[in-house]
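Here's a walk through one protein model, written for someone who likes to follow along with the viewer open. Have a look at the fold first, then read on.

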Amino acid sequence: MEEEKQGSIFRRICVFCGSSSGRRKVFSEAAIELGDEFVKRKIELVYGGGSVGLMGLISKRVHEGGCNVIGVIPRALTPNEICGETVGEERVVEGMHERKASMQREAEAFIALPGGYGTMEELLEMITWVQLGIHNKTVGVLNVDGYYDKLLALFDNFLEEGFIKPCARGIVITAPTAKELLLKMERYAHDSIST
Ligand code: AMP
């Protein structure tokens, strides 16, 4: 019961995730579970807008749970037949670059759920911006049932082969469940504020 009232160091988190739901049920379940954790912690959601795939599942869950949802969507993707309806507040931007810049400004942290190229591109840009010192926001990867194991192994290889520094490898926080990931991200953000 105590947990139900739990707050968070984060007021608003941006989630990148598949515009599809993937083949396995675990991915949809993880999106819903992450939505529930946002509601428990009263965290607002920033996402790419629309109602397709995992994006639709998490946005509906957070909205129905009574937390604010902001969908940042490029004008070209606004017709409902492309992305479906956005729940909560819809912010229309002119293009993909503006969308990412706006998502970055609006959120205090980022989480990638399973997804494809779009999710990857958004995740890697946020990691790169931390590496370059453009922002210092926490970046988490929800490694649902090992979905991102190969990506994380590739990051280890970047380090091993000398293309990133150990501190850059440490940018990405990972966990297999929404609850563990948020706890780790909250601890990481707390420690970076106090050091
Ligand atoms: P993907 O992982 O390739 O499915 O792309 C998902 C990510 O790219 C999301 O986080 C969105 O920001 C963006 N995106 C890709 N396709 C769409 C779509 N049909 N509607 C809204 N956003 C999308």
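Predicted model: local features only at pLDDT ≥ 70, side-chain atom pairs only at ≥ 80, totals over all residues.

**Around the ligand**

Let's start with the ligand. Which residues come nearest to the ligand? Of the 16 residues around it, the nearest are Ser19, Cys83, Gly116, Thr119 and Glu122. Ser19 also has a polar side-chain atom 2.7 Å from an oxygen atom of the ligand. Gly118 takes part through its backbone, where an N or O atom sits 2.8 Å from a ligand oxygen atom. On the nitrogen side, an N or O atom in the Arg99 side chain is 3.0 Å from a nitrogen atom of the ligand. How much of the ligand does the protein cover? On its own the ligand has 480 Å² of accessible area, and the protein covers 85% of that.

**Salt bridges**

Next, the charged pairs. A search of the whole structure turns up 16 salt bridges.

| Pair | N to O distance |
|---|---|
| Arg91 and Glu106 | 2.5 Å |
| Glu121 and Lys100 | 2.3 Å |
| Arg169 and Asp156 | 2.7 Å |

Take Arg91 and Glu106, whose side chains meet in a salt bridge. Arg91 belongs to strand S4 (residues 89-93) and Glu106 to helix H4 (residues 96-106), so this pair ties together parts that are 15 residues apart in sequence. Both ends are partly exposed: Arg91 has 24% relative accessibility, and Glu106 has a relative accessible area of 21%.

Helix H4 also supplies Lys100, while its partner Glu121 comes from helix H5 (residues 117-131), so here the linked parts are 21 residues apart in sequence.

The Arg169 and Asp156 pair joins helix H7 (residues 166-169) to helix H6, linking distant parts of the chain that are 13 residues apart. Arg169 counts as buried because its relative accessibility is 17%, which is under the 20% cut-off. Asp156 is partly exposed, with a relative accessible area of 35%.

Some of the bridges share partners. Arg12, Glu44, Glu89, Arg91 and Glu106 are joined in this way into one network.

**Glu44 up close**

Glu44 is placed in strand S2 (residues 44-47). Its side chain makes a polar contact of 2.8 Å with the side chain of Arg12. Is Glu44 buried or exposed? Glu44 counts as buried, at 19% relative accessibility. Beyond residues up to four places away in sequence, Glu44 touches Arg11, Arg12, Ile13, Phe38 and Asn68.

**A buried strand residue**

Now for Val141, in strand S6 (residues 138-142). Val141 is buried, with a relative accessible area of 0%. Which residues does Val141 contact, leaving aside neighbours within four places in sequence? The answer is Ala112, Leu123, Tyr148, Val172, Ile173, Thr174, Ala175 and Leu181. As for Gln104, 37 residues apart from Val141 along the chain, the two C-alpha atoms are separated by 16 Å.

Phe158 sits in helix H6 (residues 149-160). Phe158 is partly exposed, with a relative accessible area of 31%.

**Two positive phi angles**

Last, the backbone. Most residues other than glycine have a negative phi. Lys42 has a positive phi of about 55° although it is not a glycine. Where is Lys42 found? Lys42 is in the loop between helix H1 (25-41) and S2, and it is exposed, with a relative accessible area of 59%.

Asp145 also has a positive phi, near 50°, and is a residue other than glycine. Asp145 is placed in the loop between S6 and H6. At 52% relative accessibility, Asp145 counts as exposed.

Conventions: Residues numbered from 1 in each chain as written. Heavy atoms only, no water. Helix = DSSP H or I, 4+ residues; strand = E, 2+ residues; numbered from the N terminus. Buried < 20%, exposed > 50% of the residue type's maximum accessible area, 1.4 Å probe, protein only. Polar contact = N/O pair within 3.5 Å; in protein donor to acceptor, adjacent residues only side chain to side chain. Contact = heavy atoms within 4.5 Å. Near = heavy atom within 4 Å. Areas by Shrake-Rupley, 256 points an atom, 1.4 Å probe, with all protein chains shown as cover. Salt bridge = Lys/Arg side-chain N within 4 Å of Asp/Glu carboxyl O.
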